[in-house]
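Please look over the sequence and the 3D structure shown here before reading on. The report then takes the parts one at a time.

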Amino acid sequence: MSAANGVQDTKEDKEEVEFPQTWEALVEQNPLLAGLPVLLPAEQFTFDVSARFEQVRTRMYVAYNDSTRNDDDSTAVDMVEERVAALRDMIAFLKTITEEPAKVDEFTSGIDVNTLFLVLLVVVQFYADQLGKSVRSKTSSTSTK
């Protein structure tokens with residue numbers, strides 16, 4: 001309770017969870033990702049790869065948002081189809097950023113659609129974060145010249 005105004009402070013101890021900054025840390029938090037082959041680092045994405053990633057990222061986020069906002073069971077089939085389509089795009093994208101595309105198929109074997117979707121959503125977030133860091137790095141290095 002604050003002595004000055006008699007109002008009790010109700011600050012919650014919120015533990016901030018920092019998103020992993022390296023692939024190794026990401027895999028440590030999400031052991032399923034260990035089965036993915038080596039992927040191209042975000043800082044090596046060309047414009048075309050970045051553009052394709054943006055398309056896939058948007059589709060994955062839309063599929064996720066649609067499935068979390070809708071309580072109507074009549075649209076469940078549509079939501080599953082949307083997730084599956086987003087996953088197909090994401091898997092195809094991953095195959096373009098690895099030298100071992102067959103290992104992406106091996107990674108997806110035996111994983112249910114919902115688990116795979118959530119795991120690959122983490123990969124999407126990782127790459128989105130890494131691309132942002134790459135842009136900030138280029139901006140700060142060019143502004144100091």
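## Basis of the report

This is a predicted model, in which local features need pLDDT of at least 70 and side-chain atom pairs count only at pLDDT 80 or more, while totals for chains, interfaces and linings use all residues. Residues are numbered from 1 along each chain as its sequence is written, and side-chain values use heavy atoms, with hydrogens and water left out.

## The whole chain

The protein chain has five helices and zero strands, and its pattern along the sequence is α-α-α-α-α. Helices (H or I, at least four residues) and strands (E, at least two) are DSSP runs, numbered from the N terminus.

Of the 145 residues in the protein chain, 30% are buried. Buried means under 20% relative accessible area, exposed means over 50%, and partly exposed lies in between, with a 1.4 Å probe and protein chains only. Contact means heavy atoms within 4.5 Å. Among contacts between residues at least 6 apart in sequence, 72% join residues at least 24 apart.

Helix α4 covers residues 101-108, and its buried residues are Val104, Phe107 and Thr108. Seen down the axis of α4, these buried residues fall within an arc of 90°, so they line one face of the helix. The arc is that of the directions from the helix axis to the C-beta atoms. After α4 comes Gly110, which has a positive phi, near 80°.

Two packed helices are described by the angle between their axes and the distance between the axes. The axes of α3 (residues 76-96) and α4 come within 8 Å and cross at roughly 145°. Here axes are lines fitted to C-alpha atoms, for helices over the stretch in contact, and angles run from 0 to 180 degrees between N-to-C directions. The crossing of α3 and α4 is right-handed. A crossing is right-handed if the near helix is turned clockwise from the far one by less than a right angle, and left-handed if anticlockwise. On the α3 side the contact is made by Ile91, Leu94 and Lys95, and on the α4 side by Pro101, Val104, Asp105 and Thr108. By class, this contact has four nonpolar, one polar and two charged residues. Ala, Val, Leu, Ile, Met, Phe, Trp, Tyr, Cys and Pro count as nonpolar, Asp, Glu, Lys and Arg as charged, and the others, Gly among them, as polar.

## Aromatic rings

A pair of aromatic rings is described by the distance of the centres and the angle of the planes. Rings of Phe, Tyr and Trp (its six-membered ring) pair if their centres lie within 6.5 Å; planes under 30 degrees apart count as stacked, over 60 as edge-to-face and the rest as tilted. By this rule there are seven aromatic pairs.

Phe53 and Tyr127 form a tilted pair, with 6.1 Å centre to centre and 55° between the planes. Phe53 lies in helix α2 (residues 47-69) and Tyr127 in helix α5 (residues 113-143), so the pair ties together parts that are 74 residues apart in sequence. Tyr127 also forms an edge-to-face pair with Phe126, at 5.8 Å centre to centre and 80° between the planes. Phe53 and Tyr127 are both buried, and Phe126 is buried too. One aromatic cluster is formed by Trp23, Phe45, Phe53, Phe93, Phe126 and Tyr127.

Leu131 is in helix α5 and is buried, with a relative accessible area of 18%. Which residues does Leu131 contact, leaving aside its neighbours within four places in sequence? They are Ala42, Phe45, Ser50 and Phe53. Leu131 and Ala42 are 89 residues apart along the chain, yet their C-alpha atoms are separated by 5.6 Å.

Ser50 lies in helix α2 and is partly exposed, at 24% relative accessibility. Leaving aside neighbours within four places in sequence, Ser50 is in contact with Phe45 and Leu131. Pro41 lies in the loop between α1 (23-29) and α2 and is partly exposed, with a relative accessible area of 33%. Pro41 and Gln130 are 89 residues apart in sequence and 8.3 Å apart in space, C-alpha to C-alpha.
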